[in-house]
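Me: Got a model here that I'd like to talk through. Can you walk me through how its helices pack?

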Amino acid sequence: MTKATDLRVKSTDELAAMLLDLRKEQFNLRFQRATGQLEGTGRIKAVRRDIARVKTLQAERSRAAAKA
């Protein structure tokens, strides 16, 4: 699980790349769950929350850029 303070120091490009990686991982976890191969079901929740953290930071930055 990633902390928001760790994410705030990353650049916008790094956040976009991280979001892409998290979405790929989320897809793979969903696929594993559907085929019955998933063992650690808690990882799905953690990935979903990490995606939300990244998207929240991206939204904050876009709002700040629009104001300036």
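Me: At what angle do the axes of helix H2 and helix H3 cross?

Reply: Quick caveat: this is a predicted model, where local features need pLDDT of at least 70, side-chain atom pairs count only at pLDDT 80 or more, and totals for chains, interfaces and linings use all residues. Residues are numbered from 1 along each chain as its sequence is written, and side-chain values use heavy atoms, with hydrogens and water left out. Helices are DSSP runs of H or I with at least four residues, numbered from the N terminus, and axes are lines fitted to C-alpha atoms over the stretch in contact, with angles from 0 to 180 degrees between N-to-C directions. The axes of H2 (residues 12-35) and H3 (residues 42-67) come within 9 Å and cross at roughly 155°.

Me: How is H2 oriented relative to H3?

Reply: Angles over 145 degrees count as roughly antiparallel. The crossing is roughly 155°, so H2 is to H3 roughly antiparallel.

Me: Is Gln-26 buried or exposed?

Reply: Gln-26 lies in H2 and is in contact (heavy atoms within 4.5 Å) with Val-47, Arg-48 and Ile-51, leaving aside neighbours within four places in sequence. Buried means under 20% relative accessible area, using a 1.4 Å probe and protein chains only. Gln-26 has 19%, so Gln-26 is buried.

Definitions and conventions. Helix = DSSP H or I, 4+ residues; strand = E, 2+ residues; numbered from the N terminus. Parallel < 35°, antiparallel > 145°, perpendicular 65-115°, else oblique. Buried < 20%, exposed > 50% of the residue type's maximum accessible area, 1.4 Å probe, protein only.
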